[in-house]
Amino acid sequence: MLPDVPGVAYLFKKNFRMIKKIAIAVAVIGIIFYSLNDTKLDASAYAAQINKARKAKNQSFRQSAESPIPEAQKAQFDSLKYYPADLSFVINATIIRNEKPDTISMQMSDNRAEKYLNWGKAQFTFNKTSHQLGIYLKATGKDSTLFIPFTDLTNGRETYGGGRYLDAPLPKLNVAEIKLDFNTAYNPFCAYNNEYSCPVPPADNRLEVAIPAGEKSFHE
C-alpha cells in the first residue's frame, strides 16, 4: 500500500503524464510499423522509412513540450542513437493467444505496479534458436496496441540497462502471426529522465540473446 503522503498524488499525476508523453514516441514508431505491416520492401526503401521515422522522433524530442528530455538538456540534444536498420530483425512470430487473458500487476521502476492483460505470447526463431515473448495489453481495454517489453544481452552495454519496448497492432482473430520489428525497439522514458515511472520487463521476457537493433543507450 502506498503511504498517504503528498508525494503519492504527484507520482500518479507524473505517471499519467508519462503515459501521455509515451504516445509521442509510440505514434512515430507506429507510423512506420503500420506502413510496413502489409508491404514487402527492399532493404534500401525499408531503411529510408525507418530513418524518416527516427528523424521525426528526434525533432519531437527536441521541440515538443511533451518531450522526456529535461529542459536543461534540450539545447544540447541532437539525436537519439540507433543501430542501422536491418530487415533481418523484422521477424514473423507465431501468436499464442490466451483465450481468457488474466490481469497481472506489472512492476514499475518506482516500485509501484500497473494492471495489464496477459494477452498471449509470441514464439519466434532467431539465430536458429527458439524464443518467446509475453504480449500485454493495458487492462483498461481502451488500447488497440499490443505492448511487448523485453530485455536482451545488449542491455547495460549498448542499450538501456532497464530494457526496451516493442509495440504491435492488435491482430484480427483469424491472424496467426505477428510481426516483431526490433528495428523499432525503443527506450522507456526512464532512459532519458529518472523522474518517470516505467514498466519493468517481466522475467519471462528476458531474452538470452543479443538483439543489436533499434534504439541504443541515451547516456554514455
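I began with cysteine 190, which counts as buried because its relative accessibility is 13%, under the 20% limit. The model is predicted, so I read every value here as a property of that prediction.

**Entry 1, the disulfide.** I looked up the partner of cysteine 190. Cysteine 190 forms a disulfide with cysteine 198, and the two sulfur atoms sit 2.2 Å apart. I then checked the burial of the partner. Cysteine 198 comes out at 2% relative accessibility, so cysteine 198 counts as buried. Next I took the torsion. The angle about the S-S bond is 115°, and the link of cysteine 190 and cysteine 198 is right-handed. I also searched the whole structure, and the search returned 1 disulfide.

I went to the loop that runs between strand 4 (129-138) and strand 5 (145-150), where glycine 141 lies. Is glycine 141 buried or exposed? I found 52% relative accessibility, and the cut-off for exposed is over 50%, so glycine 141 counts as exposed. I also took one C-alpha distance from glycine 141. Tyrosine 116 is 25 residues away along the chain, and the two C-alpha atoms are separated by 9.1 Å.

I located asparagine 205 in the segment after strand 7 (177-181). Its relative accessibility is 0%, so asparagine 205 counts as buried. Which backbone atom lies 2.6 Å from a polar atom of the asparagine 205 side chain? I found the backbone nitrogen of glycine 134 there. I then listed what asparagine 205 touches, leaving out residues up to four places away in sequence. The list holds Leu133, Gly134, Tyr136, Ile148, Pro149, Phe150 and Thr151.

Phenylalanine 150 stands opposite arginine 164 in strand 6. Strand 5 and strand 6 run antiparallel, and 6 bridges join them. How many of the residues of strand 6 (residues 164-169) are buried? I counted 6 of 6, and the strand is mostly covered.

Then I sorted the directions. In a regular strand, side chains alternate between the two faces of the sheet. From strand 6, Arg164, Leu166 and Ala168 point one way. Tyr165, Asp167 and Pro169 point the other way. Both sets are buried.

Notes. Residues numbered from 1 in each chain as written. Predicted model: local features only at pLDDT ≥ 70, side-chain atom pairs only at ≥ 80, totals over all residues. Heavy atoms only, no water. Disulfide = S-S within 2.5 Å. Buried < 20%, exposed > 50% of the residue type's maximum accessible area, 1.4 Å probe, protein only. Helix = DSSP H or I, 4+ residues; strand = E, 2+ residues; numbered from the N terminus. Polar contact = N/O pair within 3.5 Å; in protein donor to acceptor, adjacent residues only side chain to side chain. Contact = heavy atoms within 4.5 Å. Pairing = 2+ DSSP bridges.
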